[in-house]
Amino acid sequence: MQSYDTSSEQEYTEISLEGDQYVTFHLENEEYGISILMVQEIIGYRSLTQIPGVPEYVRGMLNLRGAVVPIIDLRLRFGMAQRTYDKFTVIVILVVHGRTMGIIVDGVSDVINFEASQIQPTPAISATVNTDYITGMGQKDEKFVILLDVEKMLSLEELALMQGVN
Amino acid sequence: MVNPKIVELFIVEAEELIAELEDGIVSLEERPNDDELINTIFRAAHTIKGSAGISGFAEMVDFAHVLENTLEAVRNGSKQVSPDIISACLQSVDVLKTMMNMLQSGRSLTEVAVMPETLAALTALKTFSKAESHPPVSSDASKATTGKKRRIWQIQFRLNEDIFMNGQDPAMLIVELSDFGKIIEVHADCSALPSFENFNPLKLYTGFNVIFESEQPRSTIENVFLFVSDTGEIDIQDVTHQFKDGVNLNDADKKLGELLVETASIPPYAVQKALAAQKPVGQLLVEQGVVRQETVDSALARQKTAQEMKNNSSIRVDTDKLDRLMNLVGELVTGVAQVTQLSHTLFAEKFGTTENDEMGAAVEFLDQVSRDLQEQVMLVRMVPVEATFTRFKRVVRDLARELKKEVHLKMSGTETELDKNVIEKLVDPLKHLIRNSVDHGIEAPKERIAKGKPAAGTINLNAKQREGSIVIEIEDDGKGIDTAAILNKAKEQGSIPESAELSDKDIFNLLFLPGLSTAKAVTDVSGRGVGMDVVKRNIESLRGSIDVESMPGKGSKFIIRLPLTLAIVEGMNVRVGEEVLTIPLLSIVEQMRPGENDVKSVEGKKELINVRGQVMPLIRLHELFSFHTDNTDPCDSLVMILESEQGKYGLMVDDVLGQQQAVIKSLDKNFTKIDGVSGATILGDGRVSLILDPHKIEQMALHL
């Protein structure tokens with residue numbers, strides 16, 4: 001019945017900003033960006049509960065207001081060297097495929113707005129990160145940010161965590 | 001495309017209606033003359049049609065319409081209830097269910113119309129909704145002679161005041177009506193009569209209410225009123241269903257005054273005057289000195305509250321919302337526990353004492369309230385087992401018919417409440433057990449009569465609450481379990497040694513072994529040896545247990561015990577290295593600190609522990625989970641003796657911290673299932689603790 005069609009989906013009003021906003025953080029000497037729409041919140045590092053039988057980069061779980069949230073160390077996920085957590089270490093809480101997860105990064109830098117013209121296609125040079133997980137390179141004022149495809153990077157299949165895989 | 005929210009609402013509503021419809025149809029077979037039941041079924045079908053129409057599912061509307069026609073034929077008596085009608089109706093219920101499944105998975109209903117099931121159901125239904133070719137058997141002589149269905153009409157008309165001026169007369173209309181049928185009752189509605197001085201004899205003040213029985217169609221009646229229809233209000237209604245052997249069934253609910261007024265024996269004001277003169281019973285009692293005014297007032301207040309409560313109907317709440325509420329309340333309890341701890345410490349620091357700790361008392365009160373709140377929220381998740389039990393009527397009916405047996409399903413304790421999640425997971429195991437009882441338990445009617453039992457077998461399905469758990473029993477009065485046959489079969493399969501001597505109880509437990517079936521012939525129903533082991537596993541996954549009792553020739557009884565809720569487990573917190581883990585209290589037998597001679601290594605790797613002469617495997621939890629700990633000597637550690645399906649074993653941990661009521665959080669909501677872990681919970685200090693699955697841990701450690 002057509003009369004119900006109008007009420008079904010309301011379009012969100014466009015915010016006047018052009019382009020998309022990214023939360024940026026750093027790992028080693030490089031800067032990475034994640035679409036701000038995926039980020040739920042950013043919290044300081046805190047001790048985690050270990051999980052048995054999972055890859056090393058799954059560092060454990062924490063209690064986020066009653067929800068049990070798995071935490072992944074992005075350095076280990078990307079095969080970088082482990083680094084002692086310090087007061088700059090933060091956990092970025094993301095919502096990926098309806099699941100709440102956290103990633104440990106060296107520190108959060110900024111929120112940057114990239115217009116489409118400021119995003120270059122993925123160059124084949126990045127050696128540390130699998131280029132499959134990169135959506136592009138954001139460039140603004142001499143600054144390069146590697147934009148990550150979090151949905152792909154943190155899907156259960158990619159994390160080799162589907163039942164029976166580990 | 002229809003708004004998904006509307007579809008969602010429709011699905012929820014329709015599922016209930018379909019369940020009601022199905023239950024009604026099954027019950028109708030037992031009580032074919034229950035008019036109220038027929039009306040309920042009809043209403044359900046009608047509402048499904050209506051809702052489907054609103055939601056825009058034309059295919060469903062069309063289908064429900066045919067079903068409604070058949071039901072209408074039953075309702076107006078032109079069709080007698082027969083097993084074939086019941087089957088046809090049930091068949092169509094199945095089609096409706098298929099439609100619901102399709103809607104749920106977001107598929108269009110267009111293909112439904114051409115599915116063989118749909119066509120079969122439609123054909124079956126249409127044979128019954130067609131006009132009867134031979135007269136139905138009925139006590140009513142007039143029905144039998146005419147062969148056509150007489151209908152009873154209620155005609156209410158109030159004509160224009162000046163109707164006499166046009167040469168019309170209501171009395172003539174009634175006389176004309178009587179040419180087409182039998183006038184049962186005529187009532188005059190005198191409520192519009194003016195006072196005597198204003199009365200004009202040339203005007204018509206009365207309305208009429210005629211109950212009329214006729215086999216003529218509605219159009220004939222309408223034709224009678226053809227010439228007055230534009231000058232007054234005329235309402236013609238088919239009220240056949242309200243009458244039985246010429247008696248208006250609605251009269252049963254009417255007050256005496258109403259009836260007297262309706263038949264015009266007395267004017268309405270006389271009744272009102274008489275009623276006004278009557279004193280309320282409370283006032284009379286007070287006057288007689290039997291009771292005090294205050295007592296009456298408080299009773300009246302109570303009555304009012306109760307009436308309001310009764311009117312407070314329920315609302316539908318998404319279980320996700322309940323889960324979130326549950327989470328928040330759990331957090332609140334944890335938070336309050338932290339505040340309690342802090343306030344004690346702070347008070348002691350500031351005043352050097354914990355005596356007269358007002359802050360502490362206030363916080364403890366808060367703690368109590370939040371725990372009560374938690375319990376209340378938990379209760380909200382509880383639903384009665386009735387809806388689940390009711391659907392088994394159909395299962396029993398269909399299966400009994402198929403096997404040519406007579407089986408009654410009796411239910412009791414249907415008001416018993418269980419966590420919604422538990423109920424959902426219980427449906428399949430229960431269905432299996434009930435099918436088993438019908439198939440294997442209850443004997444064929446001839447066999448039963450030969451044994452001196454009634455031809456119809458009975459299955460009792462009973463639910464009750466006992467000591468913090470729910471007990472569900474399925475009891476049949478069939479032939480009982482053949483222990484010798486089970487024993488032979490188990491020996492044949494090599495499940496137990498040839499020489500084994502087992503008690504009856506042990507033999508019944510063999511029933512739950514995979515692959516064991518004593519059925520002589522494998523049928524569609526059971527006998528394939530899959531099932532009972534699955535039943536047991538499902539029930540155990542709900543942290544429940546199942547037992548069997550049986551008497552040869554008398555029947556069998558399956559007893560299922562379940563926890564009240566899946567949301568909470570009584571747990572023991574243990575420490576391994578820096579990690580705190582939770583073990584379900586139910587699986588803990590005891591804890592011990594082994595002596596040097598109690599632990600033995602076998603074949604270099606596996607370890608055994610001797611608990612007062614009983615030898616069982618020892619599992620080092622830190623090794624199994626690869627957790628770091630400095631405690632690697634069993635003699636410095638604690639060993640928890642746990643009981644699992646396979647038997648007992650020892651689980652080595654560093655320390656025991658204490659008991660906790662653990663609110664269970666699922667891990668696969670945000671993550672994935674983890675071997676050896678059934679879930680997680682939040683500790684008093686806000687940290688996450690894994691809840692161990694003792695059965696899985698044993699499997700992981702011993703059957704690698």
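Predicted model: local features only at pLDDT ≥ 70, side-chain atom pairs only at ≥ 80, totals over all residues.
**Chain A**

Chain A contains three helices and 11 strands. Along the sequence they run in the order α-β-β-β-β-β-α-β-β-β-β-β-β-α. Of the 166 residues in chain A, 30% are buried. Among contacts in chain A that link residues at least 6 apart in sequence, 52% are between residues at least 24 apart.

**Contact between the chains**

On the chain B side, 29 residues are in contact with 26 residues of chain A. Three elements of chain B, α13 (319-351), β23 (677-682) and β24 (688-692), each contribute at least two residues to the side that touches chain A. The most come from α13(B), which gives four residues. By class, the side of chain B that touches chain A has 13 nonpolar, 10 polar and six charged residues.

**Helices α2 and α3 of chain B**

Two packed helices are described by the angle between their axes and the distance between the axes. In chain B, helix α2 (residues 35-55) packs with helix α3 (residues 58-75) at an angle of about 160°, and their axes are 9 Å apart. Because angles over 145 degrees count as roughly antiparallel, α2(B) is roughly antiparallel to α3(B). The crossing of α2(B) past α3(B) is left-handed.

From α2(B), the residues that meet α3(B) include B:Ile38, B:Ile41, B:Phe42, B:Ala45 and B:Ile48. Those on the α3(B) side include B:Met60, B:Val61, B:Ala64, B:Leu67 and B:Leu71. Among the others are B:His46 and B:Lys49 in α2(B), and B:His65, B:Glu68 and B:Arg75 in α3(B). The residues of this contact comprise 12 nonpolar, four polar and four charged.

**Helix α22 of chain B**

Which residues of helix α22 (residues 694-702) of chain B are buried? They are B:Pro694, B:Ile697 and B:Glu698. These residues span an arc of only 100° around the axis, so they lie on the same side of α22(B). An α-helix has 3.6 residues a turn, so residues three or four places apart point the same way.

The buried residues of α22(B) are covered by elements of chain B that include the strands β15 (579-584), β19 (614-620), β20 (638-644) and β21 (647-653). Helix α21 (621-625) and strand β24 are also among the elements that cover them. Strand β24 of chain B also supplies at least two residues to the side that touches chain A.

How values were computed:
Residues numbered from 1 in each chain as written. Chains lettered and ligands numbered in written order. Axes fitted to C-alpha atoms, helices over the stretch in contact; angles between N-to-C directions. Parallel < 35°, antiparallel > 145°, perpendicular 65-115°, else oblique. Left-handed = near helix turned anticlockwise from the far one by under 90°. Contact = placed C-beta atoms within 7 Å. Nonpolar A, V, L, I, M, F, W, Y, C, P; charged D, E, K, R; others polar. Buried ≥ 20, exposed ≤ 12 C-beta atoms within 10 Å, placed from the backbone. Arc of directions from axis to C-beta.
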